[in-house]
Amino acid sequence: MGSVIGKAMDDNMKKQQEFMLETQRLQMERQIHMQNQMRERMMAMQIAGARDMFLWFASFYAIATPAMIVGAAKTQSKTPLAPILPLTFIVAYQYDMAYHSKIERIRAEADRIMDDEQGLLCIPHGVPTMQSIEAARLKQKDKERLLGNDIWM
């Protein structure tokens with residue numbers, strides 16, 4: 001009789017473990033999707049910001065360039081034309097970032113770095129562990145006690 005109850009408890013425990021694993025898997029999938037959606041939204045904001053910045057630079061460029069050309073013609077000096085070259089590069093860069101393939105080139109370079117230069121991505125002391133976080137928490141708590149600034153008491 002005891003083995004029947006034990007077997008039923010084992011079966012029940014296995015079902016609970018399977019349920020917990022499935023719940024954890026679903027939670028992890030949801031977190032991954034949520035993080036990806038947040039990443040996509042942040043990228044959309046960055047692209048929108050780049051497009052807005054381009055419009056401002058392009059407007060400035062459209063106003064300043066003819067003014068520099070007129071200034072150069074009136075003064076018979078080429079000095080007012082000097083800013084045109086760097087401004088052209090700035091506007092072209094912003095246009096490429098906002099409307100062309102710069103983001104795809106950046107993504108391709110990031111993929112290459114992740115594949116070929118993994119060492120550049122390592123954080124100092126590696127990924128934090130529960131032990132290192134707990135040790136830092138306890139150290140901070142001891143430090144607060146020593147200084148008399150224990151806010152938890």
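Helices here are DSSP runs of H or I with at least four residues, numbered from the N terminus. The model is predicted, so local features need pLDDT of at least 70 and side-chain atom pairs count only at pLDDT 80 or more, while totals for chains, interfaces and linings use all residues. Residues are numbered from 1 along each chain as its sequence is written, and side-chain values use heavy atoms, with hydrogens and water left out.

- A pair of aromatic rings is described by the distance of the centres and the angle of the planes.
- Rings of Phe, Tyr and Trp (its six-membered ring) pair if their centres lie within 6.5 Å; planes under 30 degrees apart count as stacked, over 60 as edge-to-face and the rest as tilted.
- Searching the whole structure turns up 3 aromatic pairs.
- F54 and Y95 make a tilted pair, because their ring centres are 5.3 Å apart and their planes stand at 55°.
- This pair links distant parts of the chain, with F54 in helix 1 (residues 2-75) and Y95 in helix 2, 41 residues apart.
- Y95 and Y99 are also tilted, because their centres are 5.7 Å apart and their planes are at 35°.
- Both Y95 and Y99 belong to helix 2, 4 residues apart, or about one turn of the helix.
- Together, F54, Y95 and Y99 form one aromatic cluster.

**Buried or exposed?**

- Buried means under 20% relative accessible area, exposed over 50%, and partly exposed in between (1.4 Å probe, protein chains only).
- F54 counts as buried because its relative accessibility is 12%.
- Y95 is partly exposed at 36%, and Y99 is partly exposed at 38%.

**A nonpolar surface patch**

- L55, Y95 and Y99 form a nonpolar patch on the surface, with about 290 Å² of accessible area together.
- Accessible areas come from the Shrake-Rupley method with a 1.4 Å probe.

**Positive phi in two loops**

- Most residues other than glycine have a negative phi.
- Q76, not a glycine, has a positive phi of about 55°; it is found in the loop between helix 1 and helix 2 and is exposed at 71%.
- H125 has a positive phi near 65°; it lies in the loop between helix 3 (102-116) and helix 4 (130-147) and counts as exposed at 86%.

Technical notes:
Patch = residues over 30% accessible without salt bridge, like charges linked within 9 Å, V, L, I, M, F, W, Y side chains within 5 Å. Salt bridge = Lys/Arg side-chain N within 4 Å of Asp/Glu carboxyl O.
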